[in-house]
Amino acid sequence: MELTLSAGNLAAWSVEPSGFPATGTTLEKARYAVRYAILAPSSHNTQPWHFVINGEELLVCADRTRSLPNIDPFDRELIISCGAALFNLRVAVANFNIPVAIATFPYSAEPDVMARVTFPDSGPALKDLAALFDAITKRATNRGPFFAEDVPDAFVERLRLAAEAEGVNVALVRGLIARARVAALIAEADQRQFDDPRFRRELASWIHSSRSSDGMPSLSQGLPALTDFTTKIAAMTIRTFDVGNGVAAAHEQLARRSPLLVALSTPMDNNEAWLTAGQGLQRLLLVATKDGYSASYLNQAIEVSELRGRLASELQMTGYPQLLLRVGRGSAVPRSPRRPIADVLW
Ligand SMILES: Cc1cc2nc3c(=O)[nH]c(=O)nc-3n(C[C@H](O)[C@H](O)[C@H](O)COP(=O)(O)O)c2cc1C
């Protein structure tokens, strides 16, 4: 069943490689590559980034005015989101054969500059990255139930290698009992988050129907009842009532029934680690997309600080958990909106 968005600016998804200015200047080419960077996922679809042409270089910057102070008080997920956008940019420049040199956090006095991209005359052909290009416009977060089928070992191995190639560690949760234990932690985290009116207000403000270029618009009818709170419950209900029990039960069931849960972690827990986590996330997501799989996020046990350590012990992770994904194959889902390129590329 094809689903459509009830609202939202989807123009950004129509970007075509044929529009690439092959005879233009390097900066014109780089600007075109940014159109692919902004298709990255971001927490609550805040799109907390902007891109600045500064002389002969391109800066990838965090936009902290788009932060989520309640669920993300240290901008951890915000920087992860910027990392995902940076990875898309790397894939796009690899595809268009634009040699780049990238320095992360290049200015200690400018913590919002996540990366500085410069353009040397030559560089290696990055075939592995270029091969992921087509997946950028195909990827979408899929919060629906996945088909009840096992995931092949070779695919799971490709996911692990994708994350590790970016310096991100992976814990795989495949067994029924292990999934049920993690699902219980997710449900506990949901209940704690929804107990807090500040959490509910923040969530509601990003699914508000007045948003058209960001946030998570309500989807049209047609999704199964237990898919996701953004579709099931209107923003006003989320803001006003503690619907934690229902959401917890729905997410617990989704996690139990997903064939594969993947936790991503990093050895450190700082700005660099978060930017790395975002790049590892997006590399894994594009590899999954290429293989016909999709993913959605069950990060709540990482967002609730007391539960983050419990999740790490449950999964015997040595580093810091950054993201928890469910991965599988499911029905097609609609794209989410993006801000116009002119709003984010200066
Ligand atoms: C760091 C990060 C955290 C996220 N956390 C959640 C989450 O907890 N629940 C959820 O449903 N989606 C989560 N998402 C997915 C975003 O809501 C999604 O990427 C955004 O709405 C844009 O939609 P798209 O991925 O389909 O392009 C997260 C994404 C990122 C990058």
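**View 1. Glu188 and Arg192 form a salt bridge, with their closest N and O atoms 3.0 Å apart.** A salt bridge here is a side-chain nitrogen of Lys or Arg within 4 Å of a carboxyl oxygen of Asp or Glu. The model is predicted, so local features need pLDDT of at least 70 and side-chain atom pairs count only at pLDDT 80 or more, while totals for chains, interfaces and linings use all residues. Residues are numbered from 1 along each chain as its sequence is written, and side-chain values use heavy atoms, with hydrogens and water left out. Glu188 and Arg192 are 4 residues apart in helix H6, which means they are separated by about one helical turn. Helices (H or I, at least four residues) and strands (E, at least two) are DSSP runs, numbered from the N terminus. Glu188 is partly exposed at a relative accessible area of 25%, and Arg192 is partly exposed at 32%. Buried means under 20% relative accessible area, exposed over 50%, and partly exposed in between (1.4 Å probe, protein chains only).

**View 2. A salt bridge joins the side chains of Arg181 and Glu314 at 2.6 Å, N to O.** This pair links distant parts of the chain, 133 residues apart: Arg181 lies in helix H6 (residues 176-195) and Glu314 in helix H13 (residues 305-314). Glu314 is partly exposed, at 28% relative accessible area. The structure holds 20 salt bridges.

**View 3. Asp63, Arg66, Arg211 and Asp214 are linked in a network of salt bridges.** Within it, Arg211 forms a salt bridge with Asp214, and their closest N and O atoms are 3.0 Å apart. Arg211 is partly exposed, with a relative accessible area of 22%. Asp214, at 7%, counts as buried.

**View 4. Four strands form an open sheet in the order E1-E2-E4-E3, with antiparallel pairing.** Two strands pair if DSSP finds at least two bridges between them. Strand E1 (49-54) and strand E3 (101-104) are the edge strands, each pairing on one side only. From one strand to the next, the twist averages 20 degrees. Axes are lines fitted to C-alpha atoms, for helices over the stretch in contact, and angles run from 0 to 180 degrees between N-to-C directions.

**View 5. E1 pairs with strand E2 (residues 57-62) in the antiparallel sense over 6 bridges.** Phe51 stands opposite Val60 in E2. Helix H2 (residues 76-95) packs on the sheet and touches E1, E2, E3 and strand E4 (113-118). Contact means heavy atoms within 4.5 Å. The direction of H2 makes about 150 degrees with that of E2.
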